[in-house]
Structure formats: structure tokens, C-alpha cells
Amino acid sequence: MEGVVVARSSISYVDGRQGRLIYQGYDIRDLAEHATFEEVCFLLWHGRLPDSGELSSLREQLVAARPLPSGVVSLLASVPGRSPMAVLQTAVAALGLYDAEADDNGREANLRKSVRLTAQMASVVAAFHRLRRGLPVIEPDPELDHAANFLYMLTGQRPDPTSARVMDVALTLHADHEFNASCFAGRVTASTLSDIYSAVAAAVGTLKGPLHGGANEQVMRLLMEIGEPERAAEVVQARLAARERIPGFGHRVYKTWDPRALILKRFSEELSRLKGEPRWYAISLAVEEAVRSAKDLYPNVDFYSASVYHLLGIPVDLFTPVFAVSRISGWTAHLLEQYADNRLIRPRAEYTGPMELRYVPVEDRPPHTAA
Ligand SMILES: CC(=O)SCCNC(=O)CCNC(=O)[C@H](O)C(C)(C)COP(=O)(O)OP(=O)(O)OC[C@H]1O[C@@H](n2cnc3c(N)ncnc32)[C@H](O)[C@@H]1OP(=O)(O)O
Ligand SMILES: O=C([O-])CC(=O)C(=O)O
């Protein structure tokens with residue numbers, strides 16, 4: 001389906017040649033510099049920036065929705081913690097079980113659920129992490145905005161202003177990206193008129209893969225394996241010689257710099273310096289140079305977000321869940337758009353199997369021999 005346009009959408013636009021990303025008319029660089037994640041959520045859901053009353057109201061709704069149903073907390077305390085993305089997917093389905101509006105697909109109900117899901121996915125990731133470490137779940141702080149509160153509930157420390165701002169911008173940068181694989185999976189689910197929780201659970205499962213959101217975790221594991229900038233070229237060359245992919249490079253749509261990667265690169269450099277850990281930026285830069293000199297591939301959003309998340313104190317296996325904590329805003333915007341003008345998404349396949357075979361009873365079939 002490379003390059004195939006499957007629907008019309010007003011939510012976001014990716015110009016893969018110029019390296020531009022637009023949310024509802026606004027350039028991502030403008031939003032990253034000036035907007036908050038809460039404003040971006042409103043923009044994606046409503047198609048325009050909020051006025052101050054609307055923004056205060058959205059903030060209040062998000063704060064009010066942060067606490068999780070106790071049944072979901074019990075579930076998080078009892079599941080095996082091997083795959084945080086599988087836990088998140090399970091928790092999204094469970095949140096639907098506790099929502100009396102789960103099966104109401106009207107726009108107003110779905111908007112309320114978009115707010116709840118955006119607030120609660122952050123709470124799920126933070127609570128799961130605390131519980132698996134045997135630590136108490138942190139009560140949300142209504143004075144903190146979404147990004148800062150997430151870091152607080154995860155780490156137990158109120159973040160410094162730079163960390164809070166970097167987290168907020170990272171959420172904005174990851175919020176939406178046109179018909180990416182997870183968004184498309186969610187829209188396909190919604191197109192059957194299934195509920196928003198089912199659609200988001202499908203999207204979470206799709207984001208998990210290492211060719212999509214799962215790449216950010218693989219990037220950090222690569223940086224850790226490399227360990228020092230001087231080893232970057234050797235490790236990258238060995239991987240390319242083995243025809244392995246370098247996580248965090250290449251993109252189906254961008255054929256130049258991903259504008260989000262440029263912003264995250266600056267944050268990686270800034271945080272590396274501020275936190276006194278210059279090697280993460282130095283290794284990342286050395287990997288970028290090694291890949292760029294070997295292949296015509298640019299870093300995507302997952303490359304520099306890895307060192308940024310690490311420097312914010314986020315555990316490596318939560319990197320992809322943190323991507324979902326942001327992308328829930330874009331997924332739900334797309335689901336609202338899908339429900340508003342729905343037609344079942346059901347493409348065709350070109351059949352390549354045999355025809356005209358006749359059934360033979362099992363006792364008459366010869367033993368199968370591997371080809
Ligand atoms: C949020 C996101 O989802 S962003 C993407 C996150 N995923 C990653 O970072 C995983 C690594 N990247 C990749 O695997 C790919 O670049 C993808 C899946 C993102 C896009 O892939 P496609 O559009 O299908 O590109 P395609 O697979 O056709 O690659 C074109 C060529 O570039 C090579 N290539 C692409 N990405 C990489 C990479 N990361 N490392 C090494 N080679 C690569 C391919 O091997 C291929 O080379 P060839 O023509 O010599 O065989
Ligand atoms: O658009 C894509 O294919 C991948 C994606 O979600 C992104 O880059 O944010």
C-alpha cells in the first residue's frame with residue numbers, strides 16, 4: 001500500500017520531500033515551540049486551537065479523569081510485567097469494561113472517552129511501573145499539567161522545568177502522523193462500528209512492533225550496546241553488513257530529515273549536557289554519522305527520542321508505551337473522524353492460491369511430505 005491514498009483527512013499532513021509535518025494547518029515546529037500538549041489535543045480533536053476558557057475546561061477534564069478504576073489498578077498489580085505494551089493493550093480493553101459509555105459511538109460520548117483515555121493511558125503506564133517495582137501508586141497532582149504529572153506519577157519526583165517542558169514537547173511531537181500503521185489499524189476497527197476502546201487496543205498492538213513505535217526501545221538498546229561514541233561506526237557497519245536494520249532510521253514517507261527528529265536532537269544534546277551524561281548524545285551523533293555515511297537514511301522520530309526519554313529517567317521498556325501516551329491524542333482524533341463519516345474499510349487482495357481443487361477424505365490422502 002506504499003503511497004496509496006485510502007481516505008481524506010484534515011487532521012495531519014506529512015510532506016515527505018520537504019520534511020514538514022502539519023497538524024490541522026499548524027507546522028509542528030511552531031507547535032513545538034509555542035503550544036502545550038493539552039492545546040494540541042484540543043487542536044487534533046476539534047480542528048482549531050482552544051480559547052482560554054476551552055483550554056481551562058479541557059485541563060480540568062483531563063485532571064478529573066486521571067485516577068484509574070480500582071479494578072484496573074488490581075489488574076495492573078496482577079499481570080506479568082514482561083511486555084509493558086501488552087499490559088497497556090490489556091488495560092485499554094479493561095478501561096472499556098469500566099466505562100458505562102463504552103458502546104455509545106456518538107461524537108459527544110466519544111469526545112469524553114478521548115479525554116478519559118488520554119488522561120488514563122498515562123496513569124496506566126505510571127501505575128504499572130510503580131506496581132511492578134513493589135512501590136505505591138502515586139496520586140496525581142492536579143497542579144501539574146499532563147506531561148509533568150506523568151513524570152511525577154512515574155518517578156515520584158516533581159520534574160524540573162526543563163524536563164517538564166521537554167516531556168511536554170515530546171508528547172506534542174509524537175501526537176499524530178497521518179495514516180501510520182497504528183492509526184490505520186484503529187480506523188479499520190472503528191470502521192466496523194466497534195467501540196473506541198477496541199480501536200485503541202488494536203492501535204496499541206500495532207504500535208508495539210519494532211518497525212513502528214517499538215523502534216525507540218531498540219534504539220536505546222543499541223546505544224547501550226555501543227557504550228562509547230568511538231565504537232559506533234564499527235557496530236553500525238557490522239549490522240549493515242549482516243543486512244540488519246538500524247532502529248530509528250528510515251521512514252516510509254520522509255525521504256529527508258523528519259522535522260521531529262531535528263527538534264529531539266536538540267533536546268538530546270541539551271539534556272545530555274544538563275544531566276551531566278554527555279555520552280548519550282555523543283553516541284547518538286556518532287551513530288547518525290555512521291548511518292548517514294553508509295546509507296541515504298535519516299533519523300526518524302524514534303532515534304533521538306530514545307536518549308531524550310532515557311535522560312528523563314524513563315525505563316527503556318516503557319519507551320513505546322510513552323509513545324502511546326502521546327499518540328492516543330491522534331488516534332482518537334482519527335477515530336472521531338472515522339465515526340463521523342464511516343464506511344467499512346475492506347480492501348481486496350489479489351488471489352494467488354490454487355483453484356478447482358476437489359476435497360479428498362482424510363483416509364485417502366497420501367502422507368504429507370515437506371517440499
Ligand atoms: C514512528 C515510526 O514508526 S517511525 C519508523 C520506526 N521504525 C524503525 O526505525 C525501524 C527501522 N526502519 C525500517 O525498518 C524502515 O526504514 C521502515 C520500516 C521504517 C520503512 O521501511 P520502508 O518504507 O518499507 O523502506 P524499505 O524497507 O523499502 O527500505 C528501503 C531500503 O532502505 C533500507 N533501509 C530502510 N530502513 C533501514 C534501516 N533502518 N537500516 C538499514 N537499512 C534500512 C532497506 O534495507 C532498503 O534497502 P535495499 O533497497 O537495499 O533493500
Ligand atoms: O508515519 C509513519 O509511518 C510512522 C509514524 O507513526 C510516525 O512517523 O510518527
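Helix H11 (residues 215-226) has 12 residues, which at 1.5 Å a residue should span 16 Å, and its end C-alpha atoms do lie 16 Å apart; the expected span is 1.5 Å times one less than the number of residues. Helices here are DSSP runs (H or I, at least four residues), numbered from the N terminus. This is a predicted model, where local features need pLDDT of at least 70 and side-chain atom pairs pLDDT 80 or more, while totals for chains, interfaces and linings use all residues. Residues are numbered from 1 along each chain as its sequence is written, and chains are lettered from A and ligands numbered from 1 in the order in which they are written.

H11 is mostly covered, with nine of its 12 residues buried (20 or more other C-beta atoms, placed from the backbone, within 10 Å of a residue's own). Among the buried ones are Asn216, Glu217, Leu222 and Ile226. The cover includes helices H12 (232-241), H14 (278-294), H15 (301-311) and H16. Just after H11, Gly227 takes a positive phi of about 80°.

H16 (residues 319-340) also packs against H6 (residues 107-132), at about 170° and with axes 9 Å apart. Axes are lines fitted to C-alpha atoms over the stretch in contact, and angles run from 0 to 180 degrees between N-to-C directions. H6 and H16 are therefore roughly antiparallel (over 145 degrees). Residues in this contact (C-beta atoms, placed from the backbone, within 7 Å) include Leu117 and Met121 of H6 and Ile328 and Leu335 of H16.

Around ligand 2 sit His177, Asn180, Arg252, Val253, Asn300 and Val301, each with its backbone-placed C-beta atom within 6 Å of the molecule.

Terms used
Helices (H or I, at least four residues) and strands (E, at least two) are DSSP runs, numbered from the N terminus. Angles under 35 degrees count as roughly parallel, over 145 as roughly antiparallel, 65 to 115 as roughly perpendicular and the rest as oblique. Two residues are in contact if their C-beta atoms, placed from the backbone, lie within 7 Å.
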